[in-house]
Amino acid sequence: MKYLDEFNDPELARQQFEDIERIVTRPWALMEVCGGQTHSIVRNGIDQLLPEQVRLIHGPGCPVCVTPLETIDKALAIAARNDTIFCSFGDMLRVPGSHHDLFQIRSNGGDVRVVYSPLDAVRIAADNPDKEVVFFGIGFETTAPANAMTVVEAKRRGLTNFSMLVSHVLVPPAIAAIASSPDTQVNAYLAAGHVNVVMGTAEYEPLVARFDVPIVVTGFEPLDVLEGIRRALLQLEQGRAEVENAYPRAVQAGGNPAAQAVLADVFEVCDRPWRGIGVIPASGWRLSPRYREFDAEHRFEVQDLHVEESPLCRSGEVLQGLIKPNECEQFGTTCTPRKPLGATMVSSEGACAAYYQYRRLDVPEKVRA
Amino acid sequence: MTSETEVVTSVAAGAWSCPLPLRDHERIVTGHGGGGRLSSELIEHLFRPAFGGGVDDPSHDAVVLPLPTGGDRLAFSTDSYVVTPVIFPGGSIGDLAVNGTVNDIAMTGAVPLVLSTAFVLEEGLELATLGRIAEDMGRAATAAEVQLVTGDTKVVEARDRGGLTITTAGFGVVPEGVELGPRRVRPGDQVLLSGPIGQHGMAIMSLREGLEFETELRTDSAPLAGLVQTMLAAAPGGGVRALRDATRGGFAAVLCELAEAGDTGIEYVERDVPVPGDVAAACGFLGLDPTHVANEGKLVAVVAPEVTDEVLAAMRSHPHGREAVRVGEVVEDHRGIVVARTGIGARRVVDLPLGEQLPRIC
């Protein structure tokens, strides 16, 4: 398979691991920003084969994860309305709100539809003029251009029954928030290549200057990720801190100017809460005043929302290193990955979930090939 | 937890995670039918306690019953078929309804004999479509050497656009001396796969509303009873330990079931699992894992190491096993758990998918 097999080649991977082994002289912690990269790392076992001094910290780049609970609850309230067809990408359907998820809304009779492109929601709106059609527009800069074009298209077609529940988030402010933390352990960042396809690399220069950390634009196949790691380590060992593009087959310095123009027209920057984290200033996009009529939050008065994260959850302490996951009373009993109380048990990359998985499966934590 | 209304100017690295589903459902959700963990839970926690015991191997889609009169043993199975669209590249719901139940019976080592058919038709279904489906069923039955012997038809108000549900049940006879099941699996046994995976699921996916990507993909729907008998003949001393058809939940789910039911570890090599190029490409852009995608004409066999070559050769001599390969082995370690050796040489745990696979956002 063109561009898949080539970047999963065991012999080239072995050479990369050897190069990395040669480069590294002391401990480093790298953060891969994007959930897609985390997936690639965990699925392929890249972290198992790296030298022990190299630690990968999994980053915030999973749009599903960081969409605030309040927004999920709003989505659920809108989706439950009789006059509404709620359209979403598939993986949002499983995300728990305070009390239930979109699958449960659907099984209770709500019209919740999985779409594969936001433009499908516009088509559904045109086909169902007697219904309100709402698209759940979430994601990083990667999904934003398509969502923006969808709003432009709805306006062009004069659709009055289409709106979008927008919860877009941005990578650079998230990196800034992590890098500003006094106890951050991250020495270098692997930027999410597909975000840079849209946005280019310029907005990362101020971050490198301000925090003196290498940022390497990185792809997603195993060899792409390894190349990002290798270049980040090389910078660290040589005492450099630069923006470097390790994904040149997809990313150009200027990004995609046409997409950026649409984004600038349709969206405006806003403060955004990140689930499990809090509000990060200027870290999101919402619809600009020119497109406010398509804003679902503006169109639907969603009231009586009781946003509830579990009071039993001690993930805050786990995250600060004050307790270990299995020292929490809820660990493995009332709190499991299937029925998580908090953010750290929710993902297989979270500390609690990782503890749970290793105990449960009883597989050696580090298996070296 | 951090309140979402509190403004933070910096965050500790590692404070990010990805929400998973709620477990407790008051109503059925689609994942309960996905062949993953939710399906298993429904069986374990709702059906089995209500129905009482009596089934040795709950993970199996067919049961082997001794006759009260002695002699031959019967293999019995039933399955309902719902698929949208009802006609797709390479076949229809009709082929599936015959081959699916034939294959469930065949995985016990039995020779399938007869099937019953029950139709729940939605008003508005076109007779020409039903006719095409019926013809496909007849043709599939002939190819599988089973008879369609009894049936029932009901009509319900339209829910969709005139779809239908087909339920088939059937039985076959298990030859003398044939005893298959995950409990016969031993460390050192070899894991074989009858051919490339993922074609059926991705052929269906390619037609789904909103996707409609261009592909040559066709369903792999095929009756496997002939292949099974060929394999059994190649290892007459009981060298074939267990067979599973890799339908819903895919190749990975079958291995997980075998490991769990057999209380053994299984290890396989990702690169040795054949995934056709167009399946890999389609899975790649939808964010799906081909090892979790449904097949309708592929089986996984666990065989004793000393007969591996013979069984593999026999499989390759059969039209439905021409591309059979060895993909892994049963191991002493990590009982009940499947471990994959990844393309770059690391190892990872393979788990059942939770419910249905969903295309991801980015």
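Trainee: Which is B:Asp263, buried or exposed?
Mentor: This is a predicted model, in which local features need pLDDT of at least 70 and side-chain atom pairs count only at pLDDT 80 or more, while totals for chains, interfaces and linings use all residues. Residues are numbered from 1 along each chain as its sequence is written, chains are lettered from A and ligands numbered from 1 in the order in which they are written. A residue is buried with 20 or more other C-beta atoms (placed from the backbone) within 10 Å of its own, exposed with 12 or fewer, and partly exposed in between. B:Asp263 has 11 other C-beta atoms within 10 Å, so B:Asp263 is exposed.

Trainee: Where in chain B does B:Asp263 lie?
Mentor: B:Asp263 is not a glycine, yet its phi is positive, about 50 degrees. Helices (H or I, at least four residues) and strands (E, at least two) are DSSP runs, numbered from the N terminus. B:Asp263 lies in the loop between helix H6 (250-262) and strand S10 (265-269) of chain B.

Trainee: How does A:Ala282 count, buried or partly exposed?
Mentor: A:Ala282, also not a glycine, has a positive phi of about 50 degrees. Its place is in strand S11 (residues 278-287) of chain A. Because 13 C-beta neighbours are inside 10 Å, A:Ala282 counts as partly exposed.

Trainee: Which loop of chain B holds B:Pro85?
Mentor: B:Pro85 is joined to B:Thr84 by a cis peptide bond, with omega about -5 degrees. The loop with B:Pro85 is the one between strand S2 (73-81) and strand S3 (87-88).

Trainee: How many helices and strands does chain B have?
Mentor: Chain B has 362 residues, of which 50% count as buried. Its secondary structure comes to eight helices and 14 strands.

Trainee: What is H8(A) relative to H13(A), oblique or perpendicular?
Mentor: Axes are lines fitted to C-alpha atoms, for helices over the stretch in contact, and angles run from 0 to 180 degrees between N-to-C directions. Angles under 35 degrees count as roughly parallel, over 145 as roughly antiparallel, 65 to 115 as roughly perpendicular and the rest as oblique. The axes of helix H8 (residues 144-156) and helix H13 (residues 257-266) of chain A come within 9 Å and cross at roughly 60 degrees. H8(A) is therefore oblique to H13(A).

Trainee: Which residues of H13(A) meet H8(A)?
Mentor: Two residues are in contact if their C-beta atoms, placed from the backbone, lie within 7 Å. On the H8(A) side are A:Ala144, A:Pro145, A:Ala148, A:Met149, A:Val151 and A:Val152. Their partners in H13(A) are A:Ala259, A:Val262, A:Leu263 and A:Val266.
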